[in-house]
Amino acid sequence: MDSVNAIITEQIPRLRRYARALTGDRISADDLVQDTLERAWSKLHLWQRGSDMRAWMFSIMHNTFINHIRKKQLVTASMDDEALNISASATHENFLEMRDLASSIGKLPYEYREVILLIGLEQLSYEEVAQVLDIPLGTVMSRLSRGRERLRTIMAGENTPALRRVK
Amino acid sequence: MSEYPGQMKEDDLHAYVDGRLDAARRAEVDAWLSANPAEAARVAAYREQNDMMQALFNPVLNEPLPLQMHPQARRRSFAQPLRYAAMVGGMALSGIIGWHMHGAEISRQPPMLAMVKQAALAHVVYTPEMLHPVEVGKEQEEHLVKWLSKRLGSPVKPPHLGNVGYELIGGRLLPGNQGPAAQFMYQDARGLRLTLYLSNKPADKGEAAFRYAQEGKVSVFYWIDNDKSYALSGEMEKADLLRIANAVYQGLNP
């Protein structure tokens with residue numbers, strides 16, 4: 001068990017980095033990591049020795065993250081939220097804040113946030129992201145494209161971009 | 001995004017940003033971008049997003065792990081032994097958990113068990129520290145006492161254990177199940193370290209006599225006295241630790 005234990009422990013710093021960017025604060029992030037670790041333990045029998053532990057842990061974190069959102073442990077925007085329509089139009093008064101990358105990421109729907117962070121921060125391949133999030137590769141690419149463009153718009157402090165519906 | 005002659009595939013632009021194109025394709029995208037400055041600016045902005053994310057969040061990789069994620073905690077599963085125990089079910093518990101309570105207190109006294117495991121974990125994590133075994137050293141004992149008393153909400157004082165050969169090194173504040181907790185660390189002439197962990201007692205508990213628990217090499221005596229729970233941890237025989245536990249108790253109740 002010790003070797004598996006070491007492999008899990010090895011992932012913790014990266015899980016924390018991703019969780020910090022995803023949730024935007026230390027406490028929610030570490031809660032997310034802790035719950036992810038506990039889930040990983042409980043599902044360890046499902047992990048196939050020799051397969052990619054990193055991808056496995058990230059997919060557990062994704063499921064845990066979604067659970068936290070559903071249980072309202074995390075307040076986060078979803079692509080379906082109407083509130084997004086006003087996301088960038090309220091920027092004039094907190095223009096400086098909008099400049100801040102962390103808070104700008106926090107304004108993205110979590111579906112976009114996950115994709116751009118897994119790729120830009122965690123440097124997962126597009127195929128790995130599809131596997132981790134359990135979505136088709138085409139969906140990864142469209143979320144990547146829209147997420148990056150939305151982030152660019154928010155950071156530029158521009159007015160709301162024309163919204164496109166995303167599947 | 002739409003595609004027509006003269007238009008670069010959106011996916012290729014992202015693969016370009018992420019460095020995932022082969023050299024030939026990368027050169028084509030370079031050429032295309034130099035003819036399309038607006039698109040080049042967009043691509044540059046995406047690259048900057050990646051760079052800024054890295055700059056902003058990479059330092060998290062070097063942050064010390066919180067106590068409950070510490071490798072020792074994971075290896076010994078101190079963090080949540082009861083939850084893990086329920087989860088891992090039929091797996092080799094003794095190998096994973098390595099935690100043995102002596103006596104039948106496990107089910108009857110979960111708050112105390114939680115306190116004991118926090119104490120033992122803090123012992124395992126902090127006693128090997130060479131540079132920072134404590135937050136506040138004994139040379140600032142007065143400050144240490146004031147600070148911890150304030151945080152725990154009632155007077156806290158490390159007993160002096162010179163009569164059993166241990167000198168105070170200092171102490172630290174820790175998170176505990178009953179709010180803030182304190183750890184005092186002691187060392188004998190050979191460098192062997194003991195820790196005394198104390199926290200406010202669970203509301204529904206009265207005073208309790210010494211009880212004993214063990215994990216691997218770490219022995220723990222724990223008890224409740226007045227309004228505090230105490231746990232004394234050391235890597236030594238039960239009888240030796242009991243002798244010190246008695247000295248601690250007497251030091252606390254002069």
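A residue is buried if 20 or more other C-beta atoms lie within 10 Å of its own, exposed if 12 or fewer, and partly exposed in between, with C-beta atoms placed from the backbone. Helices (H or I, at least four residues) and strands (E, at least two) are DSSP runs, numbered from the N terminus. This is a predicted model: local features need pLDDT of at least 70, side-chain atom pairs count only at pLDDT 80 or more, and totals for chains, interfaces and linings use all residues. Residues are numbered from 1 along each chain as its sequence is written, while chains are lettered from A and ligands numbered from 1 in the order in which they are written.

**Exercise 1.** Find the buried residues of helix α1 (residues 10–17) of chain B, and work out what they pack against.

*Solution.* 
- Step 1: pick out Leu13(B), His14(B), Tyr16(B) and Val17(B), the buried ones.
- Step 2: these residues sit on the same side of α1(B), because they cover an arc of only 155 degrees around the axis (taken from the directions from the helix axis to the C-beta atoms).
- Step 3: their packing partners are α8 (137–156) of chain A plus α2 (23–34) and α3 (37–57) of chain B; contact here means C-beta atoms, placed from the backbone, within 7 Å.

**Exercise 2.** Locate Asp134(A) and decide: is Asp134(A) buried or exposed?

*Solution.* 
- Step 1: go to the loop between α7 (126–133) and α8 of chain A, where Asp134(A) lies.
- Step 2: check its phi, which is near 55 degrees, a positive value in a residue other than glycine.
- Step 3: Asp134(A) counts as exposed, because it has 9 C-beta neighbours inside 10 Å.

Technical notes
Contact = placed C-beta atoms within 7 Å.
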